Amino acid sequence: MAAQKINEAHEHIAKAEKCCMLQERQTVRASEGRLPKGGRVPHRKQDVSFFVPVSPPRVREPPLPMTFNFLNSSRRLFHAAKAIEQAGMMMKEQKKMPEAIQYIEKACMMYMENGTPDTAAMALDRAGKLIEPINLDKAVDLYQKAAGVFENEDRLRQAAELLGKASRLLVRLKRLDDAAVSLQKEKNMYKEIENYPMCFKKTTAQVLIHLHRADFVAADKCVRESYSLPGYSGSEDCVAMETLLQGYDEQDEDQVYRVCNSPLLKYMDNDYAKLSISLRVPGGGGKKKKAAAAPQGGASGAPAPADEDDDYEGGLC
């Protein structure tokens, strides 16, 4: 079956090449005024036979430059972009990911030129998903580009969702400064479309990132600025962050531990949940304080004074 499909593909390529030659002749004759009335080149049959699961070494790469030149000369940018995007998917099947992403990005530029930015953004999103398992930095770049396209089209919900993907990958890459900037942009978009619950979640993520950056002032500022969001003050998210910041500021490891291991933070997106459970209080040695039993007596066996029991009840810090 695969051999039959490959033979069909080569037949289509031969027809396409012949059609391209006829197109060029038609263009020349038209420019010289020698094109007969009604003279048209037969429509090119698209080469789709290569899109079958066959062994990569047996597949001849499609004639991309010829396909591009033919379609572009006919001002059919959208179809040209589709053809190049499909070629990128072929490269992906052949495990040639850099080439695949290159083709898809070229197709996206053509979608933009054709006036179909939504298609461009979706193609960039797909490219990001393809490259994410092997190159996080490139995936971040693609998601940010897709978000920029949607933002320019005033489609802020889609833009914020794609920025969210980029933010999480930046955290995974430990590029926390960049993640903080990306999160703030996300938060601003959700605020503009009045999705306040998402703003609350982004504030929590911001606090975790800033504390991991050892920037308590920035973390506190994020919470204070969020008081202006309808419903934030007194919400579960707000109380948790106020408690976390208080414990962090007072170096209370127990309090920080309780908040960071609460369901509210543990069930965030995985990259932020990891930030939560790995957060440590400065100077705490990375250990949770444990309550110690009050001493029953000194070395001589005499009972300790009552006021000392009260002062150190719960153990020493």
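**Group meeting: helix packing in a predicted model**

At 0% relative accessibility, Ser167 counts as buried, where buried means under 20% relative accessible area, exposed over 50% and partly exposed in between, with a 1.4 Å probe and protein chains only. Before I go on, this is a predicted model, in which local features need pLDDT of at least 70 and side-chain atom pairs count only at pLDDT 80 or more, while totals for chains, interfaces and linings use all residues. Residues are numbered from 1 along each chain as its sequence is written, and side-chain values use heavy atoms, with hydrogens and water left out.

Ser167 lies in helix α7, residues 156–172; helices here are DSSP runs of H or I with at least four residues, numbered from the N terminus. Leaving aside residues up to four places away in sequence, Ser167 touches Ala179, Ser182, Leu183, Glu186 and Tyr272, a contact being heavy atoms within 4.5 Å.

That brings us to helix α8, residues 176–192, whose 17 residues reach 24 Å from the first C-alpha to the last, close to the 24 Å expected at 1.5 Å a residue, the expected span being 1.5 Å times one less than the number of residues. Among the buried residues of α8 are Ala179, Ser182, Leu183 and Glu186, and what covers the buried residues of this helix includes α6, α7, α9, α10 and α14. Just after α8, Glu194 takes a positive phi of about 60°.

Turning to helix α5, residues 117–131, we find Ala121, which at 0% relative accessibility also counts as buried, and which touches Ala146, Val149 and Phe150 when residues up to four places away in sequence are not counted.

How do α3 and α5 pack? Helix α3, residues 77–93, meets α5 at an angle of about 5°, with the axes 12 Å apart, and the two are therefore roughly parallel, since angles under 35 degrees count as roughly parallel, over 145 as roughly antiparallel, 65 to 115 as roughly perpendicular and the rest as oblique. The axes are lines fitted to C-alpha atoms, for helices over the stretch in contact, and angles run from 0 to 180 degrees between N-to-C directions. On the α3 side, Phe78, Glu85, Met89 and Lys92 meet Thr119, Ala123, Arg126 and Leu130 of α5.

Finally, confidence: the chain has a mean pLDDT of 78, with 66% of its residues at 70 or more, pLDDT being the predictor's confidence in each residue, from 0 to 100. It stays under 50 over residues 35–60, and likewise under 50 over residues 286–317.
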